[in-house]
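Have a look at the structure shown here.

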Amino acid sequence: MDLRDYLRVLSRRWRVIALVTLLATVAGVLASVIATPEYRATATLFASLRGGDDTSQLNQGNAFTQARVQSYADVATSAKVTGPVVERLRLDMTPTQLAERISAEAPLNTVLIRLTVTDTRAARAARISNVVADRFAYVIRELERTEGEQSTSPVRLTVTQPAAVPTAAASPNMPLNVALGLTMGLLLGLGLGVALEAVDTSVRNTKALAECLAGAGGPPILSSIVQDPRAVRHPVSLHDDVHCPRAEGFRKLRVNLQFAEVDQRPKVIAVTSPLPREGKSSVSVNLAATLAEEGAKVCLIDCDLRRPSVARALGLVRDAGLTTALVGQARLDQVLQSAGSFSVLTSGMIPPNPTQLLGSTQFSTLLRTLAEQFDHVVVDTAPLLPFADTAAMGPAIDGYILVARAGRTSRSQVVDALRVLQRVNVPVLGAVLNAAPARGDGEAYSYAYKYRPKQKSTARLTALVSSRRAVVPSRRSHATVGEGTAVAGAGRDAAVEVGHTGESS
């Protein structure tokens, strides 16, 4: 991985990295708070040789002492030192345990020895350090005494700086623990992010989806729909902002769809996805609105009889719709509803046998009837992999559009969905990447934000077009489809905007 790959991991997995870093930092803080404070007291000793009047003898004695003090440091933790100290101070520990709390240091090129004692009590640490220093000096003198000689030892250890009672705990070190926790958290978080990126098989951008489709011999990508938080409140993007990147993505879908099948343009188009919650219903609604934007007569059918969502998104009545007409409880023109610029046939009551109903002759006849009345029929279907509903309606469909959600749909799911549609022997017109990252495909989306017409000019042009349409009715204007289904006069103001994600199915 190069630097760009790591930056890409940071941008995609920053939540995981931040969480791991936060947890590690909190762990460092908790370790500092929970840990028992320990104090360190240090006593310093000076080693020298007795005697020596001239300079030569002093230099030789100094060199001898420097060579010996390195060995003296190891004696500080011996039983000859710790045993008597434990008895003298009546410590509640063994000589071995005391030795673990003693550290001796003899800096190079010096004759100094520093004895440090660590204890949970400051005063006791200083007291033990001073007693250890005295006992250590005595043991060294005894060790350096010449055998059989009754005179004093030539080596002399003098305490030059007795241990003082420490005023602050040496550990835990809160700043150090927090810094270590932060550093370790960043490293672990980055490592976890790289690992998650390595095992992630989802399609995250149009390049990944195009490679997946090409490998499976699938169709091209018709459009990429950018992620927009406003889609939660405004299911129809054209009604929210005509020039937003999301609306432009659906216009691109409409244009590319016209060239999908040049010889025989499909009229009945089914929109499906491998699994639920990938945005197929949102794509279906906006595709119908975009097709109707150029003056075509469009009918949207909610054929997701497992979890219908079109009626809720557009604020329409769901109980009377497709299933009502299929079972003969109402005529088709009686259950069609208006969503402003296009007509909608909601799902109706959820039946116990959706697959048989959608594969029936009555359903095929209903679609042919709607295809004769409308220029385009957009069918919102059930998810492809969990249910057989979408494949069952294949004979009545002119072409499928496969929707994949960026960061959620895996490559294997896309391939499996293509295999199912290929067995139906119905053309797959193309794929749509839904909820694509705003910066996932270069600077196209940022450019779309910048290249927007001025509001006054847009309003003036809209008013001019509306006035002309009022004087000269369009040849392809909407006509009333039966009783109580006035599609022509509804306009955009009739669209009901309700709180719906548009991504639930």
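**A residue in strand 12**

Asn-434 lies in strand 12, which spans residues 428-436. This is a predicted model. Is Asn-434 buried or exposed? Its relative accessibility is 0%. Buried means under 20%, so Asn-434 counts as buried. The side chain of Asn-434 has a polar atom 3.2 Å from the backbone oxygen of Glu-278.

Strand 10 covers residues 376-380. Of its 5 residues, 5 are buried, so strand 10 is largely enclosed by the rest of the structure.

In a regular strand, side chains alternate between the two faces of the sheet. Which residues cover the two faces of strand 10? On one side are His-376, Val-378 and Asp-380. On the other are Val-377 and Val-379. All of these are buried, and both faces are covered.

Two strands pair with strand 10. Strand 6 (residues 268-272) runs parallel to strand 10 and is joined to it by 4 bridges. Here Val-271 stands opposite Asp-380 of strand 10. Strand 7 (residues 298-302) also runs parallel to strand 10, with 5 bridges between them. In this pairing, Ile-301 stands opposite Val-379 of strand 10.

**Two helix pairs**

Two packed helices are described by the angle between their axes and the distance between the axes. The table gives both values for each pair.

| Helix pair | Angle | Axis distance |
|---|---|---|
| Helix 2 (residues 14-34) and helix 7 (residues 174-199) | roughly 155° | within 7 Å |
| Helix 4 (residues 79-89) and helix 6 (residues 122-144) | about 135° | 9 Å |

Take helix 2 and helix 7, whose axes cross at roughly 155°. That angle makes helix 2 roughly antiparallel to helix 7. Their crossing is right-handed. Helix 2 makes the contact through residues including Val-16, Val-20, Ala-24 and Gly-28. Among the residues of helix 7 in this contact are Gly-181, Gly-185, Gly-189 and Leu-196.

Now take helix 4 and helix 6, which pack at about 135°. Helix 4 is therefore oblique to helix 6. This crossing, too, is right-handed. From helix 4, the contact is made by Lys-80, Val-81, Pro-84, Val-85, Arg-88 and Leu-89. Helix 6 contributes Arg-127, Ile-128, Val-131, Val-132, Arg-135, Phe-136, Val-139 and Leu-143.

Definitions and conventions
Residues numbered from 1 in each chain as written. Predicted model: local features only at pLDDT ≥ 70, side-chain atom pairs only at ≥ 80, totals over all residues. Heavy atoms only, no water. Buried < 20%, exposed > 50% of the residue type's maximum accessible area, 1.4 Å probe, protein only. Pairing = 2+ DSSP bridges. Polar contact = N/O pair within 3.5 Å; in protein donor to acceptor, adjacent residues only side chain to side chain. Axes fitted to C-alpha atoms, helices over the stretch in contact; angles between N-to-C directions. Parallel < 35°, antiparallel > 145°, perpendicular 65-115°, else oblique. Left-handed = near helix turned anticlockwise from the far one by under 90°. Contact = heavy atoms within 4.5 Å.
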